[in-house]
Amino acid sequence: MLCLLAGCGRQRDPMEKIKDLEFTVLAEENIPEELKTVIEEKKNSAFKVTYQDNGFLYICVGYGEQVSGGYSITVNALYLTENAIYADTTLLGPDPADPAADKKKAPSCPYIVLKTEFVDKPVVFE
(Lines give C-alpha, C1' and ligand atoms only; values in the text may rest on other atoms or scores of the structure.)
Protein backbone atom coordinates (compact mmCIF):
# COMPACT_ATOMS: atom_id res chain seq x y z
CA MET A 1 0.00 0.00 0.00
CA LEU A 2 2.83 2.37 0.85
CA CYS A 3 4.35 1.91 -2.62
CA LEU A 4 1.08 2.87 -4.26
CA LEU A 5 0.79 6.06 -2.23
CA ALA A 6 4.30 7.15 -3.14
CA GLY A 7 3.42 6.97 -6.84
CA CYS A 8 0.44 9.28 -6.41
CA GLY A 9 2.43 12.34 -5.43
CA ARG A 10 2.02 15.49 -7.49
CA GLN A 11 4.88 15.99 -9.90
CA ARG A 12 6.07 19.52 -10.50
CA ASP A 13 5.60 20.97 -13.97
CA PRO A 14 9.13 21.78 -15.24
CA MET A 15 7.83 25.16 -16.51
CA GLU A 16 6.10 26.04 -13.23
CA LYS A 17 7.58 29.07 -11.48
CA ILE A 18 9.56 28.14 -8.38
CA LYS A 19 10.38 31.72 -7.43
CA ASP A 20 10.85 35.21 -8.79
CA LEU A 21 14.50 36.21 -9.05
CA GLU A 22 15.68 39.46 -7.57
CA PHE A 23 17.61 41.59 -10.05
CA THR A 24 19.19 44.96 -10.62
CA VAL A 25 19.01 46.90 -13.87
CA LEU A 26 22.57 48.05 -14.49
CA ALA A 27 23.60 51.50 -15.61
CA GLU A 28 26.19 51.47 -18.39
CA GLU A 29 29.04 52.37 -16.03
CA ASN A 30 28.32 49.26 -13.91
CA ILE A 31 28.41 46.73 -16.75
CA PRO A 32 31.57 44.56 -16.77
CA GLU A 33 34.00 45.67 -19.50
CA GLU A 34 34.00 42.33 -21.35
CA LEU A 35 30.21 42.38 -21.51
CA LYS A 36 30.23 46.01 -22.71
CA THR A 37 32.41 44.93 -25.62
CA VAL A 38 29.96 42.17 -26.58
CA ILE A 39 27.01 44.57 -26.36
CA GLU A 40 28.80 47.16 -28.48
CA GLU A 41 29.40 44.56 -31.21
CA LYS A 42 25.77 43.37 -31.21
CA LYS A 43 23.69 46.45 -30.37
CA ASN A 44 22.69 47.44 -33.92
CA SER A 45 20.67 44.21 -34.27
CA ALA A 46 18.31 42.54 -31.81
CA PHE A 47 20.23 40.30 -29.41
CA LYS A 48 19.90 38.14 -26.31
CA VAL A 49 23.05 37.38 -24.34
CA THR A 50 23.93 35.92 -20.95
CA TYR A 51 27.22 36.44 -19.15
CA GLN A 52 28.49 34.99 -15.89
CA ASP A 53 31.09 36.62 -13.64
CA ASN A 54 31.98 36.48 -9.91
CA GLY A 55 28.86 34.62 -8.82
CA PHE A 56 26.45 36.79 -10.81
CA LEU A 57 24.46 36.19 -13.97
CA TYR A 58 23.96 39.05 -16.40
CA ILE A 59 20.99 38.81 -18.73
CA CYS A 60 21.07 41.23 -21.66
CA VAL A 61 18.34 41.98 -24.17
CA GLY A 62 18.83 44.43 -27.03
CA TYR A 63 16.18 45.56 -29.48
CA GLY A 64 18.42 46.70 -32.31
CA GLU A 65 18.52 50.09 -33.98
CA GLN A 66 15.37 52.18 -33.56
CA VAL A 67 14.52 55.30 -35.58
CA SER A 68 14.78 57.64 -32.59
CA GLY A 69 15.63 57.90 -28.93
CA GLY A 70 13.19 57.90 -26.04
CA TYR A 71 12.61 54.14 -25.88
CA SER A 72 12.50 52.25 -22.61
CA ILE A 73 12.44 48.59 -21.67
CA THR A 74 10.29 47.07 -18.99
CA VAL A 75 10.94 43.76 -17.23
CA ASN A 76 7.70 41.80 -17.13
CA ALA A 77 9.14 38.76 -15.35
CA LEU A 78 12.38 37.12 -14.27
CA TYR A 79 11.80 33.81 -12.57
CA LEU A 80 13.24 30.38 -11.91
CA THR A 81 11.65 27.06 -12.88
CA GLU A 82 12.91 23.53 -12.37
CA ASN A 83 14.69 23.57 -15.75
CA ALA A 84 15.46 27.20 -16.62
CA ILE A 85 15.40 30.90 -15.88
CA TYR A 86 12.71 32.81 -17.75
CA ALA A 87 13.27 36.44 -18.73
CA ASP A 88 10.47 38.49 -20.27
CA THR A 89 10.99 42.11 -21.37
CA THR A 90 9.08 44.57 -23.53
CA LEU A 91 10.31 47.52 -25.58
CA LEU A 92 8.22 50.64 -25.00
CA GLY A 93 8.13 53.38 -27.61
CA PRO A 94 8.84 57.04 -26.99
CA ASP A 95 6.12 59.13 -25.39
CA PRO A 96 4.73 61.41 -28.12
CA ALA A 97 3.70 63.91 -25.42
CA ASP A 98 7.31 64.23 -24.19
CA PRO A 99 8.38 67.86 -24.74
CA ALA A 100 11.99 66.69 -25.27
CA ALA A 101 10.96 64.32 -28.10
CA ASP A 102 12.37 66.65 -30.75
CA LYS A 103 15.83 66.25 -29.20
CA LYS A 104 15.58 62.46 -29.50
CA LYS A 105 15.35 62.24 -33.30
CA ALA A 106 18.71 60.47 -33.71
CA PRO A 107 18.60 56.65 -34.00
CA SER A 108 19.18 54.67 -30.81
CA CYS A 109 19.91 51.06 -29.86
CA PRO A 110 17.99 50.33 -26.65
CA TYR A 111 19.11 47.43 -24.48
CA ILE A 112 18.82 46.33 -20.87
CA VAL A 113 21.25 44.46 -18.61
CA LEU A 114 19.86 42.59 -15.60
CA LYS A 115 22.18 41.40 -12.84
CA THR A 116 21.00 38.51 -10.66
CA GLU A 117 22.45 35.70 -8.58
CA PHE A 118 24.14 32.99 -10.64
CA VAL A 119 21.98 29.92 -11.17
CA ASP A 120 23.38 27.15 -13.35
CA LYS A 121 20.37 26.86 -15.65
CA PRO A 122 19.74 28.00 -19.22
CA VAL A 123 17.95 31.31 -19.78
CA VAL A 124 14.77 31.30 -21.86
CA PHE A 125 13.88 34.67 -23.35
CA GLU A 126 10.19 35.37 -23.84
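Guide: A starting rule comes in handy: buried means under 20% relative accessible area, exposed means over 50%, and partly exposed lies in between. By that rule Glu117 is partly exposed, because its relative accessibility is 40%. Keep in mind that this is a predicted model.

Visitor: How many salt bridges does the structure hold?
Guide: Such a bridge needs a side-chain nitrogen of Lys or Arg within 4 Å of a carboxyl oxygen of Asp or Glu. Lys17 and Asp20 meet this, at 3.1 Å from N to O. Lys43 and Glu40 do too, at 3.2 Å. The count for the structure is four.

Visitor: Which residue forms a salt bridge with Glu117?
Guide: The closest N and O atoms of this pair are 3.7 Å apart. The pair links distant parts of the chain, 98 residues apart: Glu117 sits in strand E7 (residues 111-117), and its partner sits in strand E1 (residues 19-20). That partner is Lys19.

Visitor: Is Lys19 buried, exposed or partly exposed?
Guide: The relative accessible area of Lys19 is 36%. Buried would need under 20%, and exposed would need over 50%. Therefore Lys19 is partly exposed.

Visitor: What about Lys43 and Glu40: where do they fall on that scale?
Guide: Lys43 has a relative accessible area of 23%. Glu40 has 49%. The limits are 20% and 50%. So Lys43 is partly exposed, and Glu40 is also partly exposed.

Visitor: Which residues have the most contacts inside the largest nonpolar core?
Guide: That core has 13 residues. A second, separate core has 10 residues, including Leu35 and Cys60. In the largest core, the residues with the most contacts are Ile59, Leu78, Ile85 and Val123.

Visitor: Which residues is Ile59 in contact with, leaving aside its neighbours within four places in sequence?
Guide: Contact here means heavy atoms within 4.5 Å. Leu78, Ile85 and Val123 are among the partners of Ile59.

Visitor: Which are the edge strands of the open sheet?
Guide: This sheet has four strands with antiparallel pairing, in the order E2-E7-E4-E3. An edge strand pairs on one side only. That leaves strand E2 (24-25) and strand E3 (46-53).

Visitor: What is the bridge partner of Thr24 in E7?
Guide: E2 and E7 pair in the antiparallel sense. Two bridges join them. For Thr24, the partner in E7 is Lys115.

Visitor: At what angle does helix H2 run to E3?
Guide: Helix H2 covers residues 33-42. This helix lies across E3, E4 and E7. Its angle to E3 is about 170°.

Visitor: Is the pair of Tyr79 and Tyr86 stacked, tilted or edge-to-face?
Guide: A pair of aromatic rings is described by the distance of the centres and the angle of the planes. For Tyr79 and Tyr86, the centres are 5.4 Å apart and the planes are at 10°. Planes under 30 degrees apart count as stacked. So this pair is stacked.

Visitor: And how are the rings of Tyr51 and Tyr58 arranged?
Guide: Their centres are 5.8 Å apart, with 50° between the planes. Tyr51 is buried, at 15% relative accessibility. Tyr58 is buried as well, at 6%. The arrangement of the two rings is tilted.

Visitor: Is Asn54 buried or exposed?
Guide: Asn54 is found in the loop between E3 and E4. This residue is not a glycine, yet it has a positive phi of about 50°. Its relative accessibility is 66%, and the limit is 50%, so Asn54 counts as exposed.

Visitor: Last one: what distance separates the C-alpha atoms of Gly70 and Leu92?
Guide: Gly70 is in the loop between strand E4 (56-63) and strand E5 (72-80). At 34% relative accessibility, Gly70 counts as partly exposed. Leu92 is 22 residues apart from Gly70 along the chain. Their C-alpha atoms are separated by 8.9 Å.

Key
Residues are numbered from 1 along each chain as its sequence is written. This is a predicted model: local features need pLDDT of at least 70, side-chain atom pairs count only at pLDDT 80 or more; totals for chains, interfaces and linings use all residues. Side-chain values use heavy atoms; hydrogens and water are left out. Buried means under 20% relative accessible area, exposed over 50%, partly exposed in between (1.4 Å probe, protein chains only). A nonpolar core is a set of buried Ala, Val, Leu, Ile, Met, Phe, Trp, Tyr and Cys residues joined through side-chain atoms within 4.5 Å. Two strands pair if DSSP finds at least two bridges between them. Axes are lines fitted to C-alpha atoms, for helices over the stretch in contact, and angles run from 0 to 180 degrees between N-to-C directions. Rings of Phe, Tyr and Trp (its six-membered ring) pair if their centres lie within 6.5 Å; planes under 30 degrees apart count as stacked, over 60 as edge-to-face and the rest as tilted.
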